[in-house]
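Hello,

Here is the structure I promised to pass on. Please open it first, then read my notes below.

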Amino acid sequence: MRIARPLTFMLLAGSAVLLAACPDTGASFDDFAARYEEINPGTSSSSGVSACEVPIADDAEVTGDWLFTLSARLDPKQAFVLNASITAELQMDGTMLVDMTLVPLSADDQMTPVACPAITFEDLLVNADGTFAWLLAEDTAGLTLCGAANPISGGDILPGLAISGTICGGATAGFVCGPVTGKVTTPIPNFDLTGSTYTIQKISGAPPAPVINCDKVPAEYM
Amino acid sequence: MTRRHHSLVLGCLGAGAVLMTSTGALASGFATARFGGEHGHPTTDNPTAIYYNPAGIAEDTPGFEKKFWRVKIFADANLALRWASWSHQTSQFDVPEPEGAQGANSGTGELFNAVTAPMAGATFQVENFAFGAAFFVPFGGQSVYDKNEQFTDNPNFAGPVDGVQRWHSIEGIIRSMYISVAAAYDILDRVSIGASLNIVKSDVDTIRARTANGTNSIDLPAEGRSWIDVGGWHASFGVGVIGEVAPEKVWIGASYQARPGLGQMELSGTLNNNFPDPAVADTKTVQNVKLIQELPDVFRMGVRARPVEKVELRVFGDVTTWGVFDSQCVIPESAEECLVDDNYAALPDAGANAPLLNIVRNWGTAFGVRAGGSYWVIPEVELFLGAGYDSNAIPDETLEVALTDFHDVSVAGGLRLAFGEIFAAALSYTHLFYVPRDTTGQSELPTYEPPSRTPDSGGEYTQTIGVINANVQVSF
């Protein structure tokens, strides 16, 4: 009996040692998610889009070349950059119809067009108050952003994509920004882009440096 | 019972079929073939020969009565105790730790793991022919790193509690388990030839901290997790020869074990990612993937001599072609190969088949040598000793915590008791001393393009392992 207790202790201690070495990757994955959720209780972002103080008076303010910057929440500062060639046409009711052609720019210099198909949209509606909400691609039929323009992984991205914001005159003329929503189908299926942002900057002369959000935080590349 | 408890129990049962941490190799790379202890080598005549040299199963055991037929059943278990650490100082490639997270990416990560591994085999000799079958785990291991208590219940950061090494390894298993059958023929009692066929079950199940751009950013972008769980079945073979150059005095053996799959291996399963964002309720994704890798061939050679009845001397070694282990590449299910260029960036035309994660290895061929001997105090009591050296397969540039290797020397001592020709049992202890490595400033991993970029793995690596081996053999 006197020896039974130490033996039992040794067996338990030995078992504990063995258990300590057992990987449980699934539990580790879930534990991380639970810790993150506890620190950052789930919230949903809102577009926060409000009407322009100074609406667009002349569609010539919009027509021209813009720099389109798409900042995915995966790696916000390494944003995708595209050249946006825009043709705008004011309507009688004060709304505006926009045709936009996006040409992806190289992930290496954010200036050189890459050999990828241009992406064209027609008759995108801008409300009379300057607000807009454009569904650029359904989640189930995402547009293709080719790998050469992808500064994050270098692979093709197929995102469903929706953006919203305001196109205004006055002090904010030439700068559009807002949230991005949608789901990526490739390379990470069903990856939710909510929390991502975009900017569109008018090009007058030398192209501006890409900025990733409404606070005009500069993009950064490795 | 919670999921964790379920998984823990199942994981431990599974771990029973595995040896060692992936980094706790008993030979070069993550080779772990040390079953049989000092009696597992390319001139052995016990059932471990099915792996070390299949010709050995046709060899007669010195001193045993000549019989028309003989059966040998062998069971073996290793208990390995491993201590390891990795110390990393902030480097130019590290993303600065945010306020309140100092010590999250720099400092020391440690582990102490204890793992068991079984081997079992049996052979059947009929005159000069012999057949056998065995189960063993010659490659693999597992690891679970200690938590960084500084970040337990941290109110701001969910990741750092998993340790400073978490960008390379939090916990996981990598292994290749073999079920093998072998046949051999003893020509005129002087030369034995043998061959084996292996069915290999390989698994990789690991989790690490990760961001999409391959840095060790904690807050922008937020630190996430990638968990890969893949597996697959492959075939391989082994061949060998043993020459009895002096009858019952000197044996020379050589063998070859082909790599699993005889080339590139494809393991299928899932990649779970969680790149969190406070604006999104559920950021976990799962996708079907394939992992592409290649394991090495192993060449072995050895000499065994019995100059006098009470003494046996052994010298043997191996060359393992770890140079084929150049990467572990995770690709979409639809892809067929790892489409990366010379700088390990995804090929421009890879499109949707671009790799999702590519861990560059670029290992090199490694070798091991070992010498030992036995002394029979009386015919029933054998004392044995051994010592060896294993070279390092991993260059400084790609050494990282998930898979480590060192130059090491090992010493072993043990006792084997025999009860006639029918039953024998052995117990031994081997200690492996690993030469510490300091790769500070040497890591190339953060300089690669995505998807091959991983955080700086430079730092000080230490490790020591003790192995208790026990085995029994029944012969009749």
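One residue to start with. Setting aside its neighbours within four places in sequence, B:Thr320 is in contact with B:Ser28, B:Pro296, B:Asp297, B:Val298, B:Thr365 and B:Ala366. Keep in mind that this is a predicted model.

B:Thr320 belongs to strand 11 of chain B, residues 311-320. Is B:Thr320 buried or exposed? Its relative accessibility is 3%, so B:Thr320 counts as buried; the cut-off is under 20%. The side chain of B:Thr320 also makes a polar contact, at 3.0 Å, with the side chain of B:Asp318.

Now the interface. Chain B brings 62 residues to the contact and chain A brings 47 residues. About 4,500 Å² is buried between chain B and chain A. Carbon and sulfur atoms give 64% of that area.

How many salt bridges does the rule find across the interface of chain B and chain A? It finds 1. The partners are the side chains of A:Arg35 and B:Asp162, 3.1 Å apart from N to O. Between chain B and chain A, 8 residue pairs are in polar contact, with both residues at pLDDT 80 or more.

Several elements of chain B each supply at least two residues to the side that touches chain A, including helix 1 (3-15), strand 2 (107-126) and strand 6 (224-246). Helix 1 of chain B gives the largest share of that side, 6 residues. By class, the side of chain B that touches chain A has 31 nonpolar, 21 polar and 10 charged residues.

Best wishes

Conventions
Residues numbered from 1 in each chain as written. Chains lettered and ligands numbered in written order. Predicted model: local features only at pLDDT ≥ 70, side-chain atom pairs only at ≥ 80, totals over all residues. Heavy atoms only, no water. Contact = heavy atoms within 4.5 Å. Buried area = accessible area lost by both parts, 1.4 Å probe. Salt bridge = Lys/Arg side-chain N within 4 Å of Asp/Glu carboxyl O. Polar contact = N/O pair within 3.5 Å; in protein donor to acceptor, adjacent residues only side chain to side chain. Helix = DSSP H or I, 4+ residues; strand = E, 2+ residues; numbered from the N terminus. Nonpolar A, V, L, I, M, F, W, Y, C, P; charged D, E, K, R; others polar. Buried < 20%, exposed > 50% of the residue type's maximum accessible area, 1.4 Å probe, protein only.
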